[in-house]
Amino acid sequence: MPRKFCLPLVALAACLTAQACSSTQANSAQAGVYPTAEIPCPDVVPPGETEGETITCGTITVPENYDEPDGRQIDITYAKLHSFSNSPASDPVVDLRGGPGGSAIAFPSLEQRAGFYTVQRQTRDVILFDQRGTQFSNRLGCGPVGYAVVVASQDPTSEIAQQIDALLQQVKGIFPEASEDAAYAYTMQLLCGILLEANGADLDQYDSPNSAQDVVNLTAALGYDDINLYGISYGTYLAQQVMRDHPERLRSVVLDSTLTAHVDKYEAIPLDAEVAFLNVVEDCEADADCAAAYPNLKQRTIDLLAQLEAAPIPFSNRSEALPPDITEVTATGVAGVLTTISSNPTQLPQYVPLLIHELEQRTTSTLDSLITGQLFATEQTPPLPDSLEAYRLQEEQFRLEAEKLLRVAAQEAQFQRPSSQWVAQVETQFAALPESEKILELVNFYGVGYQSDKPRDRATLLAYVKESFDGDAAQALTDSLSAMSEVEVDHIYDVISMKTDEVFPQDDELTIGMHYSMDCREMTAFSTAEEITAAYERSELPLLGAARYDLALTAVNICSLWPVEPAPASEHEPVESDVPTLVLQGRYDAITNTEVGARVTEGLSNSTYVEFSSSGHGVIAYSQCAKDVGAAFVANPDQPLDMSCTENLFPDFVLPSSASETAPQRASSPATTLEAIPEAAQTTAEAEPTATAPYCLLVNAPVAVFGSSPSAAIAGQYQKNDIAYATTNPPTTQQADGKTFIEVSIYDGLTGWVPRTVADGSPALIDLTPDQCS
Amino acid sequence: MTKLSPRLAALLAVLATGLAAQAYSMTQAKNFGEQVAQASTVAYPTTEIPCPYPAILEGEVYGETYTCGILAVPENYDEPNGRQIELSYTVFYSQSLSPAPDPVIYLHGGPGGGSLIALDQYSETFAAQRRIRDVVLFSQRGAQFSNRLACAPVAFVTSIIGEEDNEYFGQFKELLDALQARYPEASEDDIYKYAYFLLCGQILEGQGNDLDQYNTANNAQDVVSLATALGYDDINLYGISYGTYLAQQVMRDYPDRLRSVVLDSTLPQHVQIHEAMVKDTEVVLLNLIEDCQADTACAAAYPDLKDRTIALVAQIAESPTPLAEPVPDPDNPDETIDAITIAQFETVVGLLNQQPALVSPYLPLVIQELAQGETATFVGMLKGELFAGTPTEPQIGNEVVNLQVEAEKLRLEARQLRVQQALQANTDRPGSQWVTQAIAAAKALPPTQETRVLANLFGVGYQIGKPRDRRTLLAFVAEHFEGDTARSLREGVNELSDIEVRHAYEAISYTVDQSVLDLDGQSTRGMYWSVVCNDIRPFSDPAVSDTALADMALPALGQSRYAEAVDAYTVCETWPVTPARDRPFDPVESTVPTLVLQGRYDLATTTAVGPQVMEGLSNGIYVELPNAGHSVMNFSQCATDIGVAFINNPDQEPNTSCTADLAPEFVLPSE
């Protein structure tokens with residue numbers, strides 16, 4: 001049977017030369033009236049929720065370009081979390097996810113996102129939605145670029161290989177000083193932009209003003225008049241856009257970890273880690289005991305790093321657990337530790353003054369136990385048998401077990417959908433092929449939603465079947481596709497996109513095409529490389545900002561290639577608003593730092609600004625205090641807030657121990673227990689600086705990642721051949737359900753727990769040596 | 001007003017208190033006047049104490065998530081340095097770390113009801129409010145844990161001296177005869193009841209209580225005194241039943257302190273309740289008929305239901321409907337019922353108030369059947385078989401369900417453990433231990449002394465001129481015991497802390513309610529009659545009650561409530577308070593945002609009564625809940641949530657769409 005590869009990128013060349021890539025799709029939507037439809041939730045519904053009763057998913061169809069109401073239409077997917085009250089308030093909370101490009105519905109999970117709003121749901125509905133261009137809302141993924149690379153690598157003489165090479169040369173011409181790796185990375189982004197435009201997307205339309213309009217159109221279509229916004233990270237920027245454009249719809253706004261509209265983001269981020277660190281120093285100075293024990297901490301840190309840069313020091317009394325390849329304490333290593341304050345804001349800061357104090361004296365015990373994970377190890381004493389606590393724990397255990405099973409059942413239900421089954425049916429056709437052919441077939445299939453000028457509809461799938469198969473197979477696939485509902489046909493593209501994330505995971509956390517469309521239009525547009533460098537040079541602790549500085553320069557370079565127009569200067573003005581607004585800011589937030597977040601209040605005549613110590617980016621994830629303050633504000637935006645709980649969040653700084661080798665003393669009360677589930681990184685490619693060589697594990701079988709404990713909600717999933725990074729070296733482990741769980745870093749400080757074995761007892765993780773990590 | 005001869009009064013005092021014969025007379029009429037209530041700026045002292053009753057509270061930690069305490073206020077606010085009384089309260093702290101500044105203060109009904117006896121229940125009932133704000137409960141003055149004015153100790157003594165072989169029987173009989181002469185139509189049981197209430201009022205006065213001070217205006221001042229003492233400025237009120245009457249008083253006297261008010265099952269201050277109550281059962285039954293007629297299927301299946309009901313009630317009243325087979329009497333296991341009397345019919349209608357959702361669907365069918373002489377559904381209802389349903393067996397084999405069942409089992413086991421621990425903790429309190437020891441000591445006495453000493457123990461907080469303090473307990477010991485027993489009990493008293501001495505009196509009360517005579521458990525009678533006779537009864541006219549009864553469409557259904565009205569008229573004649581006749585008797589005028597919740601099948605404050613409160617409320621919202629009896633909060637999450645939504649945002653009309661789902665689904669006759 002002759003097989004012809006229908007590459008989604010073959011049409012690219014024509015598109016590039018003809019400059020006529022936009023499609024003209026007829027539609028019937030009238031201006032201002034946007035149809036909604038309820039659909040099965042596209043991803044796993046959290047345990048305890050009942051679709052149609054406690055949670056409803058759906059889509060609203062809006063024009064890609066609001067100025068062309070009859071032009072191309074896109075579907076925005078939402079999830080409505082119904083209020084627990086039988087008498088809900090009329091105005092919902094609308095969650096605005098960060099990124100840009102993060103999915104509220106899928107990443108890390110609907111369950112985690114819904115968990116932020118348990119208190120709010122006591123009184124009102126909560127609306128989550130995937131912003132235009134993200135996961136379930138006309139996704140602008142860059143993962144499919146990987147398919148082009150696969151094809152090119154199979155045949156270096158192919159047309160696509162030549163196109164990629166031509167682009168690479170072009171990029172090298174633009175960035176003569178870029179490394180080979182960087183130039184290649186830029187080329188891939190350039191290719192992604194070209195691909196998305198060829199597919200029909202008008203990337204200029206994926207901007208905050210349109211998203212803001214989507215917010216009001218969606219909520220109006222769902223029957224809400226006034227709304228409350230809860231924005232996190234980039235979501236706060238979007239919230240400011242709604243405040244600018246649609247103030248009449250807003251009852252209240254919560255800005256959690258604010259990206260202030262008139263701040264130059266990329267000039268601010270090289271200072272993020274330094275600002276967070278200096279806030280720790282400030283909190284120490286405000287604590288009488290800490291201030292007395294560690295005077296002049298900032299200058300001492302500057303001096304310490306300078307000394308270490310000149311001459312690293314050896315580890316004294318090395319613990320056995322310390323990896324052998326860590327031989328000495330370097331300035332970069334210590335700076336790396338200090339940049340993780342934002343990722344572990346509830347535990348790490350209390351040791352920071354002690355750490356510096358010890359290193360000055362060439363004592364490395366705290367650093368040692370920080371690297372090995374001993375520092376945060378906690379001992380739990382089991383409750384007495386037959387005690388109330390024992391019953392409570394066991395009851396909790398059963399409840400969590402039941403929840404786990406419900407999660408598995410929900411996953412299975414997704415898999416049983418006709419769309420998922422159809423995708424599996426297609427994949428079965430390739431099972432018998434030799435590996436090289438199989439890869440090309442899969443690439444061809446997974447790229448089906450990214451073909452030039454082909455909409456993500458039934459006809460495109462039918463055409464794909466016709467081109468790729470014949471005989472009984474073609475007939476069977478055509479039949480089942482023809483019998484499928486519209487909703488399931490649409491969902492085929494979602495399923496494929498999730499498959500793509502498994503192979504090329506760059507869109508998993510943030511949908512990259514959407515991310516750059518917004519970021520390039522609205523962020524890099526207002527900063528040049530020179531300005532960024534000038535800002536970075538103002539650092540007092542430049543080692544802390546090096547990674548973010550590089551990230552900023554990379555963003556500027558990529559954006560110079562990304563095909564969108566910069567935003568007008570008017571969008572870079574302070575937002576003037578008298579809508580009641582609560583501004584929540586984590587003191588140790590190193591993604592939108594306190595100096596960035598606080599500035600949003602400049603234009604707000606009716607705002608309350610609250611800082612939370614021991615909190616990183618996305619304060620809602622770090623304390624019940626933050627959740628409750630937010631809920632109290634939304635419950636009554638005009639009433640003064642009780643913010644006394646923030647006083648309990650300051651770190652319990654560890655003082656130097658008088659006795660040499662005994663446990664350090666605490667300054668005051670025991671540490672506050674806080675959850676650690678930060679908002680997704682606002683920018684991509686966050687380097688995770690670390691003082692130690694990572695401990696890596698190869699994922700041997702698909703396995704779930706649980707959140708704050710082995711019995712917590714699923715925070716994500718590893719696919720086979722993923723590399724998992726343990727939080728510590730050697731790994732931190734915990735026993736649960738008769739299995740050993742390893743604590744892993746998922747992304748930007750989010751940690752989770754992965755079982756070492758899968759259900760049948762076979763290993764889920766294979767230990768790697770440090771040099772195997774990449 | 002009946003005046004007892006001084007001789008009789010003194011005699012009965014001797015009987016009731018056992019010993020302390022002290023001459024006293026009926027209280028002099030006091031110039032009650034209109035009390036000018038001043039905004040309470042005085043901070044009365046509070047003391048945190050262990051909760052007076054074992055609290056079985058899941059996830060609650062005393063001192064962290066809730067606390068209990070007492071507030072000392074003057075019995076008479078006009079005499080701030082006079083007798084002081086202690087009001088018991090509980091604060092359930094908000095579960096929010098950023099609570100709203102204004103709490104919900106719950107006003108219990110009765111008058112004389114209680115809430116601190118059921119903290120676990122209220123912790124659940126107010127769970128949704130607590131997510132936003134603190135919730136405060138308190139025992140109103142004279143009720144359960146706030147200088148309790150109980151009548152059971154007196155009634156218990158009269159049950160002893162009412163035995164013919166008792167030495168005081170003759171004298172007690174004289175009192176009964178005098179009352180019978182005055183109320184020739186009253187039954188023997190009623191006369192007996194009037195006798196012990198008469199004695200109770202006099203004993204309470206003799207004990208030092210100024211019963212005129214147990215009135216609604218003082219209760220209202222207590223509300224703001226408590227709020228001020230606990231540090232709250234604005235407050236929200238949630239009143240139920242008499243608590244709504246009290247809430248109206250706060251609206252009258254202290255509007256500046258109120259952010260919002262919920263009136264659940266309202267007794268409007270300007271309604272002549274003892275006249276209106278005669279028709280209560282009829283109003284509820286007619287509401288049910290109206291609900292059936294509003295339902296197309298029900299109306300079609302049961303045409304002319306009202307007329308048929310009127311005919312049926314008249315018929316049953318005339319001659320009970322015979323049953324084919326006798327049915328065991330649910331109230332009296334030794335007896336059987338062989339015909340449906342009007343009283344039994346009224347009992348079934350009365351179930352609408354308690355279990356409306358179970359009963360209402362069947363009532364049209366019951367009426368239709370009875371009209372045809374069929375009794376199957378009625379009997380099913382009487383026996384409870386109709387509501388038994390089929391127990392749902394958990395599915396075996398479904399792992400999720402099994403785990404959930406296991407978790408639920410553990411939750412129940414943990415709850416059981418908590419119950420035991422709480423009860424044990426209460427039993428272990430020194431105050432309770434002492435009472436247990438005293439009861440054991442009394443039971444060890446010869447039978448002739450045992451009853452008398454027990455009666456005196458149960459009445460130890462109710463002796464003439466004796467406060468509820470350590471000395472009174474010591475005097476009791478000295479009076480009744482000797483030797484080692486006396487020494488041991490005396491030492492026990494001396495070792496008690498002041499709080500435990502206080503608790504000993506509570507433990508005695510609790511023992512009486514639980515195992516001797518439950519007269520005050522639902523509503524502390526002395527407080528009840530003081531408030532009713534002070535504030536409420538004076539505005540009703542017995543003659544109008546008579547007319548109301550005569551005017552009823554279903555007069556046979558008015559008899560029992562009419563009898564209750566007569567009780568009030570009668571008891572108040574001898575209850576030692578001065579009626580507040582010159583108090584304003586007009587609707588409460590208020591602009592405070594107020595939510596009025598009314599159950600359609602509420603038999604205590606009916607739809608004919610409750611909505612009248614709206615007359616004076618310029619900012620009131622009235623919500624009627626189908627299939628709900630008295631205290632709608634207890635009948636549906638819908639009602640609870642509407643209350644919470646209103647208090648969260650008193651200026652926004654709450655979403656009441658959930659009430660539509662509450663309407664009865666009437667059972668139609670099978671073909």
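Predicted model: local features only at pLDDT ≥ 70, side-chain atom pairs only at ≥ 80, totals over all residues.
**Entry 1: E486(A)**

I then looked up where it sits, and E486(A) belongs to helix α21 of chain A, which covers residues 486-503. I also checked E486(A) against R458(A): the two are 28 residues apart along the chain, yet their C-alpha atoms are separated by 7.9 Å.

**Entry 2: chain A as a whole**

I stepped back to chain A. Its secondary structure comes to 27 helices and 21 strands. The chain has 774 residues, and 53% of them count as buried. I looked at contacts in chain A between residues at least 6 apart in sequence, and 74% of these join residues at least 24 apart.

Two packed helices are described by the angle between their axes and the distance between the axes. I used both for my pairs.

My opening pair was α12(A), residues 297-310, and α14(A), residues 352-360. Their axes come within 10 Å and cross at roughly 50°. I noted the crossing as left-handed. Which residues of the two helices meet? From α12(A) I listed L297(A), R300(A), T301(A) and L304(A), and from α14(A) P353(A), I356(A), L359(A) and E360(A). Sorted by class, this contact has five nonpolar residues, one polar and two charged.

My next pair was α17(A), residues 418-429, and α20(A), residues 471-483. They pack at an angle of about 170°, and their axes are 11 Å apart. Angles over 145 degrees count as roughly antiparallel, so that is what α17(A) is to α20(A). W422(A), Q425(A), V426(A) and Q429(A) on the α17(A) side meet A473(A), L477(A), S480(A) and L481(A) on the α20(A) side. I sorted this contact too and got five nonpolar, three polar and no charged residues.

**Entry 3: α6(B)**

Over to chain B. I checked the length of α6(B), residues 188-206. With 19 residues at 1.5 Å a residue, the helix should span 27 Å, and its end C-alpha atoms are 27 Å apart, so the two agree. Is α6(B) mostly covered or mostly open? It is mostly covered, with 14 of its 19 residues buried. After the helix I came to G208(B), whose phi is positive, near 120°.

**Entry 4: α27(B)**

I ran the length check again on α27(B), residues 637-648. Its twelve residues should span 16 Å at 1.5 Å a residue, and the end C-alpha atoms are 16 Å apart, which agrees. Eleven of the twelve residues are buried, so the rest of the structure largely encloses α27(B). Among the buried ones I jotted down C638(B), D641(B), F646(B) and N648(B).

**Entry 5: where the chains touch**

Last, I looked at chain B against chain A. I found 33 residues of chain B in contact with 33 residues of chain A. On the chain B side, the elements giving two or more residues are α18 (399-428) and α27. Which of them gives the most? That is α18(B), with twelve residues. By class, the chain B side divides into 18 nonpolar, eight polar and seven charged residues.

Note on methods
Residues numbered from 1 in each chain as written. Chains lettered and ligands numbered in written order. Helix = DSSP H or I, 4+ residues; strand = E, 2+ residues; numbered from the N terminus. Expected span 1.5 Å × (residues − 1). Buried ≥ 20, exposed ≤ 12 C-beta atoms within 10 Å, placed from the backbone. Axes fitted to C-alpha atoms, helices over the stretch in contact; angles between N-to-C directions. Left-handed = near helix turned anticlockwise from the far one by under 90°. Contact = placed C-beta atoms within 7 Å. Nonpolar A, V, L, I, M, F, W, Y, C, P; charged D, E, K, R; others polar. Parallel < 35°, antiparallel > 145°, perpendicular 65-115°, else oblique.
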